[in-house]
Amino acid sequence: MCSATASTRSARPCDIAATRSSTRNMALAAHSGALRLALGAVLVHLSSCATTTPRSAFVALRALGVAPRHAAISRGTSIGSRMAIGETFDKRPTNGKTDRIKNLLTQRAVQTQLYTLSFSGDLNTFEFLECFKDHHGLCDLHDHGALKVGWKEYLFDLIQSKQHDKVTKKTLYRGGSANNPYLQDAAVSMEFTTTIRPAILADNIMALRQDIAVEWLSDLKLVAAENDELMRQHLAMVTEMEDPAGKLMYSSLQLDDSSTPLRKSNYDLLCKMVTEVAIQNTVKEMSNRRSEEVAANWLQKHMDTTAAPLFARSEAAQHQRDVGKTFLQGLLRETPKVVRGTLRDADEVTLVDPLDIAARIMAERQVLADKWVKALEDIEDDHLSIRRAIVESCFAVSLASFLPIIPMADPHD
C-alpha cells in the first residue's frame, strides 16, 4: 500500500512537467501559426494595394529580409484595418528647398496621369483623382505650386485609400437621336461599374515621377544655355538693333517618341519656377547688405508692379507661357535708374543697374537648377521609403491583430 502510494506521488511531478511542456509547445505552435497568418495578411494586403507589377511587393519584403524566394500572391481583399498614417511614416516636409521641386514633380506626374485618363475615356477614375485632396481643375492648370499637400502625404494617402466601385447610369439611344419621333422606346438605360484602384494609381504616378525626373535631370541643365542665349539676344539688340541669329528658345530641348506627353510644358514651368525662386533669393540676399538695400527695394517694387501680371495667381496668369524668359527680357531692357533717398539718408543718391540685377538672377537660376538636379537623383529612394513605410504599417496592423498572448513560462520548470 505504501509502495503504491509512493509510486503515485512520485509520478505526479512528471505528469505536471509533461503538462507544462505540452502547454508551452501548444503556445509556441499557436505563436508560429499566428506569425504565418500575419505574414499572409501582409501579402494579401500588398497584393490588394498593389500595382501593375505584383512582384514589387515581394521585392520590398525581400529588402526587409522577410520575403520568401518563391510564393504565390493572393488576390483576396486586405485583412484588418489600416494603420493611422502618422504612426509609421513622417509626411511632414523635411527640407523646403528640395520639397519645392519634388512637389512640382508630383504635381506634373498627377497631371500627366489625368491627361492620359482623359484620352482613355476613364472618366470615373479621372474624377476620383481630381477630387482627391480637393484638386479640382488640376488637369488644365499650367502653373507651379498647385499641389495642396506635400508630395509624401499625397502619395502615402493615395496608396492607403480603399479600393471601391462606382456605378454610372447612362441612357443610350438605338438607331438615332433622342428627338427622333419615328423611334419607339429607343432609349435604353444601362449601368456601368468602374473599379477605382487608388493604389494602382499611386504606383502609376510614382512611375511617372521617375520618368519625368529622368527628363528633368537633363532639362534643368539647359538653364545655363538659356541664360547665355538671353544675354546674347540682349547684346545683339543693343549693338545691332536686331538679332541675326534668331534662335528659338526651345531649340535646345530635344523631344522624341520616348518623351512624356507634357515634357515641353514641364520645361516651361521649370523655367518659371526657377526664375521666381531666383528672384526671391536675390531680393533676400541684397536686402541683407546695406549697400544693396536700394536695389533690393527697386527689384521688389518692380515685381509688385511691372512684373506682377506674369507671376500673379489669377486664373488668366496661370496659363501664360514663357514667363521666365519674358521677365528676364523685360528686365534686361530696363535702363539704369537713379534713386534718390534711402531708409537712412533722404538725400543719398543711388544708381540701380537692372542689367547687373538680371545677371545675378540668372546666376542664381543656375545655382538652383544644379541643386534641384541633385534632389531629383533621390527620387527612387523616395519611392522605396514610401513602400517600406507601407510594409511596416501592414506588419504593425497584422501583428497587433493576429498575435495571441503567449503565457509566461513557469520559472520553476
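This is a predicted model: local features need pLDDT of at least 70, side-chain atom pairs count only at pLDDT 80 or more; totals for chains, interfaces and linings use all residues.
Me: What makes a set of residues here a nonpolar core, and which residues have the most contacts inside the largest one?

Reply: A set is called a nonpolar core because its members are buried residues of kinds such as Leu, Tyr, Phe and Ile, joined through side-chain atoms within 4.5 Å. The largest such core has 73 residues, and those with the most contacts inside it are Leu 129, Tyr 154, Leu 158, Phe 327 and Ile 361. Helix H12, which covers residues 354–376, gives the most to this core, with 10 residues.

Me: Which residues is Tyr 154 in contact with, leaving aside its neighbours within four places in sequence?

Reply: Once those neighbours are left aside, the partners of Tyr 154 include Leu 129, Phe 132, His 135 and Ile 205; each counts as a contact because heavy atoms lie within 4.5 Å.

Me: How do you know that the reach of helix H9 is close to the expected one?

Reply: Helix H9, residues 293–304, has 12 residues and reaches 16 Å from its first C-alpha to its last. The expected span takes 1.5 Å times one less than the number of residues, which for H9 comes to 16 Å, so the two values are close.

Me: Which residues of H9 are buried, and what covers them?

Reply: Among the buried residues of H9 are Val 294, Trp 298, Leu 299 and Met 303, while the cover over the buried residues of H9 includes helices H8, H10, H11 and H12 together with strands E3 and E4.

Notes: Residues are numbered from 1 along each chain as its sequence is written. Side-chain values use heavy atoms; hydrogens and water are left out. Buried means under 20% relative accessible area, exposed over 50%, partly exposed in between (1.4 Å probe, protein chains only). Helices (H or I, at least four residues) and strands (E, at least two) are DSSP runs, numbered from the N terminus.
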